[in-house]
Amino acid sequence: DPLNLGFDVNVGGRAIGHPGSYFGREAYGKGGTHAVPHLERYHGTETFLTAALTNEAERHVADAVAQRRPFFLNMAHYAVHAPFQSDPRYAAHYAASGKPAPAQAFATLIEGMDASLGRLLDHLDRLGVAGNTLVFFLGDNGSDAPLGHQHAVASAAPLRGRKGSHYEGGMRVPFIAAWARPDPANPHQRRLPIAAGAVQGHLASVCDLFPTILAAAGVAAPGGHAIDGARLDVLLAGGHDAARPDEFLMHFPHEHRTNYFTTFRRGDWKVIYHYIPSDVSGGSHYQLFNLARDPFESTDLSASDPARLGEMMAAMKGALERHGALYPVGTDGRPLTPVLPRAPR
């Protein structure tokens, strides 16, 4: 949902990420399968979708503060998702860039999203709650810019691939954490200190946000609620969390840009398993990369390092089993479970 406060108010949110239109004059796609709901007050106006959602976020946050209610705002903009329509507020900034029109449009969507975040931070300051407000800025997928081939170094350069891809450009996302107004004396910030200007290299996942936010708010998860992630406190403070596995599992048992794959990272190593080999995988089930030596995933080591491949595949399969993973189904109706490579002689 683009905007969700305390699970009480939904503005503009629906199951699909592709808006019918970013333009108020087009009623944000009203009447179509991708129509954006709840924004009728902006229909027929020149209000770009990013601005309309920001207006609504400011309004509902102000209401919560006025009523002295704690709030949770999930501000998931449709930008920077297709259809990549240019935000006219910023189009002139890129007109002389020499970039193609889709790239210029994408840049305006990014600038609009950045401006929205700035507005919200200023709004929290004006309301006097910035010191008590924890802000996480992140993406839910890798880049989907309309630039280059989906498996090449292009839209997420210098990383390879884009959203939906098994490469790092389809998986790594920006993640910035900060208190809206840092204040070392604030009791909430003392409970969850965040290192200013620090860059954390340890692997983490969006699943880690849930337990982190619960702990910061001093509340427990609902009884019996599954918690997949782990708290980020040590990492946010700029430390190394020795108790945290340096692993990342991504399971994709359906069709998109890369069909039916699982990836598993452990430290510097990454293995990709393709349930149905194709040209993308070079006709093999396996791809293996060392991201420390080859962060751009240009050299597949699956054939030259069979021992490491076997080790990583065994770890991947174990992780899938622990999570009770579901698998794609073959033409015979049976699940396509990962096949371990033959051990080297």
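Here are some questions and answers about the predicted model shown above.

This is a predicted model in which local features need pLDDT of at least 70, side-chain atom pairs count only at pLDDT 80 or more, and totals for chains, interfaces and linings use all residues. Residues are numbered from 1 along each chain as its sequence is written, and side-chain values use heavy atoms, with hydrogens and water left out.

Q: What distance separates the end C-alpha atoms of helix 6?
A: Helices here are DSSP runs of H or I with at least four residues, strands are runs of E with at least two, and both are numbered from the N terminus. The expected span of a helix is 1.5 Å times one less than its number of residues. Helix 6 has 17 residues (306-322), so it should span 24 Å, and the end C-alpha atoms agree with that, being 24 Å apart.

Q: Within what arc do the buried residues of helix 6 fall?
A: Buried means under 20% relative accessible area, exposed over 50%, and partly exposed in between (1.4 Å probe, protein chains only). The buried residues of helix 6 are L309, M312, M313, A315, M316, A319 and L320. They line one face of the helix, because seen down its axis, with directions taken from the axis to the C-beta atoms, they fall within an arc of 165°.

Q: Which residues are exposed on the other side of helix 6?
A: The buried residues of helix 6 pack against strand 5 (247-252), strand 6 (261-266), strand 7 (269-274) and strand 8 (286-290), where contact means heavy atoms within 4.5 Å. On the other side of the helix, the exposed residues are E321 and R322.

Q: Which residue of strand 6 is the bridge partner of M250?
A: Strand 5 and strand 6 run antiparallel and are joined by six bridges. In strand 6, M250 has as its bridge partner T263.

Q: How many residues apart in sequence are the parts tied together by Y22 and F48?
A: Rings of Phe, Tyr and Trp (its six-membered ring) pair if their centres lie within 6.5 Å; planes under 30 degrees apart count as stacked, over 60 as edge-to-face and the rest as tilted. Y22 and F48 are stacked, at 5.3 Å centre to centre with 5° between the planes. Both residues are buried. Y22 and F48 lie in the loop between strand 2 (9-10) and helix 1 (49-66), so the pair ties together parts whose separation in sequence is 26 residues.

Q: Which kind of pair do the rings of Y167 and F289 form?
A: Both Y167 and F289 are buried. Their ring centres are 6.2 Å apart and their planes stand at 70°, so the pair is edge-to-face.

Q: Is E297 buried or exposed?
A: E297 is found in the loop between strand 8 and helix 6. Not counting residues up to four places away in sequence, E297 touches R160, H166, Y167, E168, K270, F289 and L291. Its relative accessibility is 0%, so E297 counts as buried.

Q: What is the relative accessible area of R162?
A: R162 lies in the loop between strand 3 (134-138) and strand 4 (175-179). Leaving aside neighbours within four places in sequence, its contacts include D144, P146 and R257. R162 is buried, with a relative accessible area of 10%.

Q: What distance separates the C-alpha atoms of A91 and G282?
A: A91 is found in the loop between helix 1 and helix 2. A91 and G282 are 191 residues apart along the chain, and their C-alpha atoms are separated by 41 Å.

How values were computed
Pairing = 2+ DSSP bridges.
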